[in-house]
Amino acid sequence: AVEGGERVFRLSLTTGQKEFVPGVASATIGVDADYLGPTLEMRRGERVRFHIDNALAEGATVHWHGFELPAAADGGPHQLIRPGTRWSPSFEVRQRASLYWYHSHLHRRAGPQVYAGLAAPIYVRDDEEAALDLPSDYGADDIPLIVQDRALDGSGKLIYPLNMHTRMMGVLGERIFVNGTQNAVFDAQTGQLRLRILNGSNARFYEFSLAEGQAMQLIASDGGLLDRPHTVRSLKLAPGERAQVIVDLTEGRPLSLVATSPDNAMGMMGGQGRGMMGGGMMNRPRDGGETGEVLRILDIRPGRGARARRLPPRLSSLNAPDLSLAVRTRRFVLDMGMMGRGMTINGAAMDMDIVNERVPVGQWEIWEIANASMMAHPFHIHNAQFRVIDRDGRRPPPLETGFKDTVVVNPREQLRVLLRFEEHTDPDLPYMYHCHILEHEDAGMMGQFLVV
Ligand code: C2O
Ligand code: CU
Ligand code: CU
């Protein structure tokens with residue numbers, strides 16, 4: 001509904017029941033749903049307002065991941081929605097067209113709440129993208145894929161196994177769900193299908209590909225379109241990261257989107273640290289064998305009448321990040337301490353009462369993010385879409401040539417990004433930066449900054 005110039009969304013956080021295996025109900029959380037929530041569609045330039053009722057028995061927050069907005073509307077740990085109350089933030093949609101998402105950011109409890117279902121996609125549309133001939137019919141040739149792994153107990157009930165080990169490694173599940181469905185199948189009716197993939201898992205990293213090695217056209221990163229389609233055969237996404245690919249069905253054969261799950265534990269568990277240095281997080285499959293277990297993500301069945309369509313050769317004009325704009329460099333060092341007992345950034349764990357950085361509005365900065373630990377961490381910055389400059393001096397891969405809000409920092413690596421906060425100063429309310437492995441975030445690998 002549009003009221004008083006604002007598009008108004010009324011949402012309710014509720015407890016639900018979901019059968020992760022048939023016949024066995026698990027307790028879940030959803031947004032107007034038993035589990036997960038509706039895809040919200042917004043247009044760049046419009047004002048939006050939300051009325052979010054918390055019908056849960058516990059506090060919660062709803063964070064707009066990837067958005068530039070006032071700190072009071074961010075939905076981070078300071079915007080607690082107590083049980084039985086309503087939160088009504090509003091903001092102008094400034095983002096480029098892309099796939100974003102909303103999810104719980106409850107202090108120390110984002111992990112369990114997202115895992116239980118408090119997460120869902122957001123589509124932002126804009127004129128730049130609408131002018132291009134890209135698949136954009138939601139649910140027909142343009143679909144979101146929220147990829148999540150879940151652990152079930154022997155009876156088939158959802159469990160969130162938090163213990164000393166998973167606090168360190170993150171909670172991993174052995175079953176893969178896409179939009180809440182295991183072994184998902186999509187019946188395509190068109191020659192091209194646009195997949196908007198969100199790694200909505202708490203801790204699992206994925207490397208996606210088509211089962212028979214066919215090419216995909218990578219068109220967008222977290223913050224929207226790349227300069228042009230990039231042909232890729234695989235695509236790595238860490239928790240919080242998104243990508244959009246076009247897959248081609250004009251040959252009329254079924255396609256199968258699969259993934260392997262690179263091990264993010266090796267250095268920690270002894271021994272093979274050297275392997276990590278060479279290839280970063282992508283060295284050893286989880287099962288320790290020669291080849292990783294192939295996870296089934298989505299089977300795509302082609303329809304009739306699949307017409308060929310040429311992708312536009314240019315998608316967007318993206319300048320190379322201009323380092324000469326930067327007026328200062330800030331450094332962030334991620335660490336885990338001994339056995340994960342000291343999840344910190346710059347030596348400090350998240351403290352709700354401590355503001356770690358004060359960032360002047362309107363000034364370009366380089367943020368240098370170093371990883372002193374033996375695990376890869378997806379580093380996320382609120383209220384910004386940044387550009388990756390380099391990793392240890394190396395140029396970034398295609399996915400990182402566009403706008404990003406979450407980026408992997410491999411063990412012992414140093415990554416630089418260029419960013420600027422254009423408006424929305426607030427003297428008191430901070431934004432967050434943190435590791436998007438939710439168990440790391442909950443354990444303190446998070447800090448706060450004011451835009452002043
Ligand atoms: Cu997607 Cu601060 O979170
Ligand atoms: Cu965020
Ligand atoms: Cu981490």
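1. Let's start with one strand pair: strand 17 (residues 206-210) runs antiparallel to strand 22, with 4 bridges between them. In that pairing, Phe-208 has Ala-259 of strand 22 as its bridge partner. Keep in mind that this is a predicted model.

2. Strand 22 also pairs with strand 23 (residues 295-301), again in the antiparallel sense, over 5 bridges. Here Val-258 sits opposite Arg-296 of strand 23.

3. How many of the 6 residues of strand 22 are buried? The count is 5, so strand 22 (residues 255-260) is largely enclosed by the rest of the structure.

4. Stepping back, the protein splits into domain 1 (2-126), domain 2 (142-301) and domain 3 (323-451). The centres of domain 2 and domain 3, taken over C-alpha atoms, are 23 Å apart.

5. Now for where those two meet: 33 residues of domain 2 contact 29 residues of domain 3. On the domain 2 side, helix 3 (164-169), strand 18 (216-221), strand 19 (224-232) and helix 4 (273-279) each bring at least two residues. Strand 19 gives the most, with 6 residues. By class, that side of domain 2 has 17 nonpolar, 12 polar and 4 charged residues.

6. One for the record: an unreviewed UniProt entry carries the annotation "domain: Plastocyanin-like" over residues 17-128, 182-250 and 335-452. In the model, residues 182-250 are 0% helix and 62% strand, with end C-alpha atoms 26 Å apart. Residues 335-452 come out at 4% helix and 40% strand, and their end C-alpha atoms are 27 Å apart.

Terms used:
Residues are numbered from 1 along each chain as its sequence is written. Chains are lettered from A and ligands numbered from 1 in the order in which they are written. This is a predicted model: local features need pLDDT of at least 70, side-chain atom pairs count only at pLDDT 80 or more; totals for chains, interfaces and linings use all residues. Domain bounds come from an automatic or database domain assignment. Two residues are in contact if their C-beta atoms, placed from the backbone, lie within 7 Å. Ala, Val, Leu, Ile, Met, Phe, Trp, Tyr, Cys and Pro count as nonpolar, Asp, Glu, Lys and Arg as charged, and the others, Gly among them, as polar. UniProt positions are given in the numbering used here, feature names are shortened, and annotations may be inferred rather than shown by experiment. A residue is buried if 20 or more other C-beta atoms lie within 10 Å of its own, exposed if 12 or fewer, and partly exposed in between; C-beta atoms are placed from the backbone. Two strands pair if DSSP finds at least two bridges between them.
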